[in-house]
Amino acid sequence: MVPQGVTQEDGAFVGFNVTFTHGKHPRSITPDGMLESSLGWIISLARIGKGATLGGICKWVMVGAGAAVTKDVPGFAILIGCPAKIKGYTDKTSMR
């Protein structure tokens, strides 16, 4: 599922079970117990860059399984962990 606010560029690969959490404060009810309307949601925008893998944020980014990307990252970064941290870089020529 790719929710509202997420843009996927050409050639990006979103692997199985990738989850996008795009609400800043997701709630189904208001503080007084009423059903929350769509007007109450603040949507976070995310862009999956060209050639990114597993929900990377910029061009040719690779994100390890289970990593939680919480901010923009530079192109060609390799990310792992929760929260995700840059562990190295790749380039187009090494992508096979």
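## The open sheet

Three strands form an open sheet in the order β3-β4-β5, with mixed pairing. Strands here are DSSP runs of E with at least two residues, and helices are runs of H or I with at least four, numbered from the N terminus. Two strands pair if DSSP finds at least two bridges between them. The strands β3 (62–63) and β5 (85–89) are at the edges, and each has a single partner strand, so one side of each has no neighbour in the sheet.

β3 and strand β4 (residues 77–80) run parallel and are joined by two bridges. In this pairing, Met-62 is opposite Ile-78 in β4. The pairing of β4 with β5 is antiparallel and has four bridges. Here Ile-80 is opposite Lys-85 in β5.

## Basis of the model

The structure is a predicted model, in which local features need pLDDT of at least 70, side-chain atom pairs count only at pLDDT 80 or more, and totals for chains, interfaces and linings use all residues. Residues are numbered from 1 along each chain as its sequence is written, and side-chain values use heavy atoms, with hydrogens and water left out.

## The protein as a whole

The protein has zero helices and five strands. Along the sequence this gives the pattern β-β-β-β-β. Of the 96 residues in the protein, 28% are buried. Buried means under 20% relative accessible area, exposed means over 50%, and partly exposed lies in between, with a 1.4 Å probe and protein chains only.

The accessible surface of the protein is about 6900 Å², and 58% of it belongs to carbon and sulfur atoms. Such areas come from the Shrake-Rupley method with a 1.4 Å probe; for residues, only the protein chains shown count as cover. A contact means heavy atoms within 4.5 Å. Among contacts between residues at least 6 apart in sequence, 26% join residues at least 24 apart.

Most residues other than glycine have a negative phi, and most peptide bonds are trans. The hairpin of β4 and β5 has four residues between the strands, and in it Gly-81 takes a positive phi near 100°. The peptide bond from Cys-82 to Pro-83 is cis, with omega near 0°. Pro-83 is in the loop between β4 and β5.

Phe-76 is not a glycine, yet it has a positive phi of about 70°. This residue, Phe-76, is in the loop between β3 and β4. Its relative accessible area is 29%, so Phe-76 is partly exposed.

## Nonpolar cores

In soluble globular proteins, nonpolar side chains tend to be buried together. A nonpolar core is a set of buried Ala, Val, Leu, Ile, Met, Phe, Trp, Tyr and Cys residues joined through side-chain atoms within 4.5 Å. The largest one has six residues: Val-61, Val-63, Ala-67, Val-73, Leu-79 and Ala-84. A second, separate core has five residues, among them Val-6, Ala-12, Phe-20 and Ala-52.

Gly-15 and Val-63 are 48 residues apart in sequence, with 9.9 Å between their C-alpha atoms. Gly-15 is in the loop between β1 and β2, and it is buried, at a relative accessible area of 8%. Asp-91 and Val-61 are 30 residues apart along the chain, and their C-alpha atoms are separated by 9.0 Å. Asp-91 lies in the segment after β5 and is partly exposed, at 35% relative accessibility.

The whole structure holds one salt bridge, which is defined as a side-chain nitrogen of Lys or Arg within 4 Å of a carboxyl oxygen of Asp or Glu. It joins the side chains of Arg-47 and Glu-9, at 3.3 Å from N to O. Arg-47 is in strand β2 (residues 46–48) and Glu-9 is in the loop between β1 (6–8) and β2, so the pair ties together parts that are 38 residues apart in sequence. Arg-47 is partly exposed at 38% relative accessibility, and Glu-9 is partly exposed at 26%.

Thr-30 is also in the loop between β1 and β2. Its relative accessibility is 18%, so Thr-30 counts as buried. Leaving out residues up to four places away in sequence, Thr-30 touches Leu-35 and Glu-36.
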